[in-house]
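Please open the structure in a viewer and keep the selection tool at hand.

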Amino acid sequence: MRLSRRGLLRAGLGTTAAMALGGLASGCAVPTGSTGRNMVLWYWDGGLGDTVLKQARKRFDGSVALRAVKIGGYYRSKLITTMAGRAHIPDIAGLKGEDMASYLPDADQFVDLRTLGAEKLRNRYLAWKWEQGRADDGRMVGFPIDCGPVAHYYQYEVFRRAGLPYEPADVSRELGSWERFFAAGEHLRKRIPGTCLLTDITSVFEMSVNQGTKRYVDRDRHFIGDQEHVRTAWDRAVEAKRRRIVSDLVSGTPDQLSAVQDGKLPSQLNASWATNDIKTGVPRTTGRWRVAACPGGPSNIGGSFLSVTKACREPEEAFRIITWVLDAANQAQGFVDAGLFPSTPASYGMTTLREPDPFFGGQTTMDVFGPAAQKIPVAYDSPYDTALSQPVKDEIKNVGVLGKDPEQAWRDAMRTCRRIAEHLGVSH
């Protein structure tokens with residue numbers, strides 16, 4: 001499958017944003033933002049739905065001239081550089097979910113959305129997602145756009161031929177634990193030689209970590225990536241390799257895409273936004289797919305936010321725009337346009353999102369994604385998680401793709417993590 005817009009979570013030191021944004025607190029004059037009727041919103045390709053943005057420009061035209069600018073390349077780097085330069089800063093800025101924690105230490109460079117009335121809207125959004133946009137001192141930096149509840153995508157006919165459960169409810173129930181999921185993979189390989197349940201072990205590792213309530217650094221700035229919750233996810237991924245339920249292919253390559261299309265890789269664990277990736281990556285497989293619950297429980301990948309920068313001259317109007325763009329009806333439209341799974345539970349029952357999907361055999365996939373989104377475990381996301389998770393992700397990939405010894409890979413990952421932790425001032 002080709003890499004999605006959120007499939008590759010870029011690594012970077014957790015202090016990068018702090019160093020760049022910290023420079024805004026001293027020195028020059030008032031940041032350059034909107035003046036008069038002009039209001040600029042920054043986002044990235046696929047970050048917001050085109051239909052809703054067009055409607056927003058018309059709706060608010062009487063008060064502001066809204067200009068939505070799609071920023072290419074490494075979005076976070078461009079936003080930080082622009083804010084540090086104190087010129088041409090957007091009034092409203094999208095903040096990617098994987099980067100969100102790195103912005104929170106510099107919450108004073110954004111408008112606290114509580115001062116604009118955000119708390120009155122809190123119960124309309126997923127509680128765990130709402131909390132991700134808040135700094136440790138309670139200030140609210142990000143207003144929820146979307147989220148990425150994980151599901152088990154599988155090819156119906158391949159599962160049926162292999163003698164596995166093949167109706168979505170049966171797959172959710174009978175392959176609901178990691179052990180039963182692995183056993184199904186072994187059964188599949190025996191019944192249809194040359195077939196593997198998953199492309200690689202990385203998804204097993206990352207979904208397992210995200211099913212818990214801990215990540216890599218705690219609130220006391222202490223490295224916890226060497227603890228049981230990460231080691232358990234690591235061992236589970238290694239077990240998937242040992243039991244030969246994963247292929248030797250690399251995700252996104254032509255060989256992998258061919259294997260998916262031919263039914264040799266009939267299953268994957270991925271977020272809700274992967275529905276669009278599958279449709280565009282292997283369009284000839286229309287009608288073959290179904291969606292079931294992720295083994296081991298709900299997990300999430302990705303999901304982003306909108307913020308109001310301190311450069312904004314009209315924060316009240318900016319907030320009006322944000323809350324309209326991200327209300328339940330417009331989030332439902334965002335899912336139709338760009339596969340942005342709503343952070344508003346009220347959207348899940350709307351007719352727009354309950355249409356049977358022909359690509360998934362007429363299944364109403366919201367029946368799987370909706371309940372999963374509402375049960376995501378609440379975990380603390382540290383600004384240092386990205387930097388300190390990357391060595392572990394790199395080494396588990398080495399185990400899966402290169403066949404590196406798992407124990408040596410774990411030791412190498414921990415050694416690198418401790419070195420980075422010392423550089424960042426994180427205790428271990």
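Select Trp44 to begin: with a relative accessible area of 7%, this residue is buried (buried means under 20% relative accessible area, exposed over 50%, partly exposed in between, with a 1.4 Å probe and protein chains only). This is a predicted model, in which local features need pLDDT of at least 70 and side-chain atom pairs count only at pLDDT 80 or more, while totals for chains, interfaces and linings use all residues. Residues are numbered from 1 along each chain as its sequence is written, and side-chain values use heavy atoms, with hydrogens and water left out.

Rings of Phe, Tyr and Trp (its six-membered ring) pair if their centres lie within 6.5 Å; planes under 30 degrees apart count as stacked, over 60 as edge-to-face and the rest as tilted. By this rule the count comes to 20 aromatic pairs. The ring centres of Trp44 and Tyr75 are 4.8 Å apart and the planes stand at 70°, so this pair is edge-to-face. Trp44 lies in the loop between β1 (38–43) and α2, and Tyr75 in helix α3 (residues 75–85), so the pair ties together parts 31 residues apart in sequence. Helices (H or I, at least four residues) and strands (E, at least two) are DSSP runs, numbered from the N terminus.

Next, select Phe60, buried at 4% relative accessibility, together with Trp324, buried at 16% relative accessible area. Their rings have centres 6.1 Å apart and planes at 80°, so they too are edge-to-face. Phe60 is in the loop between α2 and β2 (65–70) and Trp324 in helix α13 (residues 315–325), so the pair ties together parts 264 residues apart in sequence.

For an aromatic cluster, select Tyr153, Phe335, Phe341, Tyr348, Phe359, Phe360 and Phe369.

Move on to Phe205, Trp234, Leu388 and Val392, which touch the most other members of the largest nonpolar core, a set of 79 residues. Such a core consists of buried Ala, Val, Leu, Ile, Met, Phe, Trp, Tyr and Cys residues joined through side-chain atoms within 4.5 Å. Helix α17 (residues 406–424) gives this core its largest share, eight residues. A second, separate core has 31 residues, among them Tyr43, Val64, Val111 and Ala118.
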